[in-house]
Amino acid sequence: SSGINAEYGYWLWTEFKGKKQPETYFSFCQGQLVPNVTVHDQVNHTADPVVFNINRDPGEKYPLGQHSAEYKAAMKVISPIVAEHKATLIKGEPSLNYCDNAVMNWAPAGCGDLNYCLPIPPSKPKLCYWDH
């Protein structure tokens, strides 16, 4: 969960969707590993959001120090925005939490011309959990 105003971007929750490996991280977005931001497990930063100055750091790679004067000034702007968001938030139901092998079948355009399409399994939609 993140937000943005004219000068600052902020993250209330962070996680990383690469694969866990013992010595290294695999990232689908090379060069995007930000310590304490791109992490394997969801981290709740709502008490102390991760804040970036997007004018100086549009790639959001260098979080502001939580004890810096700039962070404290940014939080004076960000805190009311987050409070209003929480006060008006209406919880929704997930709409993309179904799995169906027929829909997720690999059949790129042109595979029929090459006789290389996988057979489409029968459609059996079911509720599922996506961990990524």
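The model is predicted, so local features need pLDDT of at least 70 and side-chain atom pairs count only at pLDDT 80 or more, while totals for chains, interfaces and linings use all residues. Residues are numbered from 1 along each chain as its sequence is written, and side-chain values use heavy atoms, with hydrogens and water left out.

Q: Which cysteine is joined to Cys111 by a disulfide?
A: A disulfide is taken as a pair of cysteine sulfur atoms within 2.5 Å. A search of the whole structure finds one. At an S to S distance of 1.7 Å, the partner of Cys111 is Cys117.

Q: Is Cys111 buried or exposed?
A: Buried means under 20% relative accessible area, exposed over 50%, and partly exposed in between (1.4 Å probe, protein chains only). Cys117, at 34%, counts as partly exposed. Because its relative accessibility is 6%, Cys111 counts as buried.

Q: At which residue does H1 bend by about 35°?
A: Helices are DSSP runs of H or I with at least four residues, strands are runs of E with at least two, and both are numbered from the N terminus. The bend at a residue is the angle between axes fitted to the seven residues ending there and the seven starting there. Pro80 follows within four residues of the bend, which lies at Lys76.

Q: Why does Leu114 count as exposed?
A: Leu114 lies in the loop between strand S8 (98-99) and strand S9 (126-127). Leu114 counts as exposed because its relative accessibility is 65%.
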